[in-house]
Amino acid sequence: MNNNKKSSLGWIIAIISFVAAASAALTAFLVVREKKKKDDEELMDYLDCSIE
């Protein structure tokens, strides 16, 4: 392989790695946000029941 093809392959791998890392970070953020929302709802239900 000449130097130009190696450079192109490196860029392709870097872009794929970046996309994979970004999608993993986004997925983790959404999972954490959904868990927090669920925990908040459970807490509100508990507080409502304990007040009555």
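User: Which residue forms a salt bridge with Lys36?

Analyst: Let's start with the atoms in this predicted model. The closest N and O atoms of the pair are 3.2 Å apart, and a salt bridge needs such a nitrogen within 4 Å of a carboxyl oxygen. The partner of Lys36 is Asp40.

User: Are Lys36 and Asp40 buried, partly exposed or exposed?

Analyst: Exposed means over 50% relative accessible area, and buried means under 20%. Lys36 has 51%, so Lys36 is exposed. Asp40 has 36%, which makes Asp40 partly exposed.

User: How many salt bridges does a search of the whole structure find, and which residue pairs with Asp39?

Analyst: The search of the whole structure turns up 2 salt bridges. In the one with Asp39, the closest N and O atoms sit 3.1 Å apart. Asp39 is also partly exposed, because its relative accessibility is 35%.

User: Okay, zooming out: how many helices and strands does the protein have?

Analyst: We've been talking about helix H1, which takes in residues 3-51. Counting up the secondary structure of the protein gives 1 helix and 0 strands.

User: How far apart in space are Glu41 and Ser7?

Analyst: Glu41 lies in helix H1. In sequence, Glu41 and Ser7 are 34 residues apart. In space, going C-alpha to C-alpha, they are 51 Å apart.

User: What about Phe18 and Ile51, in space?

Analyst: Phe18 is found in helix H1. Phe18 and Ile51 are 33 residues apart in sequence. Their C-alpha to C-alpha distance is 49 Å.

User: What percentage of the 52 residues count as buried?

Analyst: To be buried, a residue needs under 20% relative accessible area. Phe18 has 61%, so Phe18 is exposed, and Ile16 at 55% counts as exposed too. Over the 52 residues of the protein, the buried share is 0%.

User: What share of the accessible surface belongs to carbon and sulfur atoms?

Analyst: First, the total: the accessible surface of the protein comes to about 5,000 Å². The part that belongs to carbon and sulfur atoms is 68%.

User: Which residues make the nonpolar surface patch, and what is its area?

Analyst: Take Leu47, which has its place in helix H1. Its relative accessibility is 36%, so Leu47 counts as partly exposed. Leu47 makes the patch together with Leu43, Met44, Tyr46 and Ile51, and the area is about 560 Å².

User: Which residues gather in a patch of negative charge on the surface?

Analyst: Glu41 has a relative accessible area of 45%, so Glu41 is partly exposed. Glu34, also in helix H1, counts as partly exposed because its relative accessibility is 47%. The residues in the patch are Glu34, Glu41, Glu42, Asp45 and Asp48.

User: Last one: how far apart do the centres of the positive and negative side chains lie?

Analyst: For this, Lys and Arg count as positive, while Asp and Glu count as negative. That gives the protein 7 positive and 8 negative side chains. The centres of the two sets lie apart by 23 Å.

Notes: Residues are numbered from 1 along each chain as its sequence is written. This is a predicted model: local features need pLDDT of at least 70, side-chain atom pairs count only at pLDDT 80 or more; totals for chains, interfaces and linings use all residues. Side-chain values use heavy atoms; hydrogens and water are left out. Helices (H or I, at least four residues) and strands (E, at least two) are DSSP runs, numbered from the N terminus. Buried means under 20% relative accessible area, exposed over 50%, partly exposed in between (1.4 Å probe, protein chains only). Accessible areas come from the Shrake-Rupley method with a 1.4 Å probe; for residues, only the protein chains shown count as cover. The place of a charge is taken as NZ of Lys, CZ of Arg, CG of Asp or CD of Glu. Patches are made of residues with over 30% relative accessible area and no salt bridge: like charges are joined within 9 Å, nonpolar side chains (Val, Leu, Ile, Met, Phe, Trp, Tyr) within 5 Å. A salt bridge is a side-chain nitrogen of Lys or Arg within 4 Å of a carboxyl oxygen of Asp or Glu.
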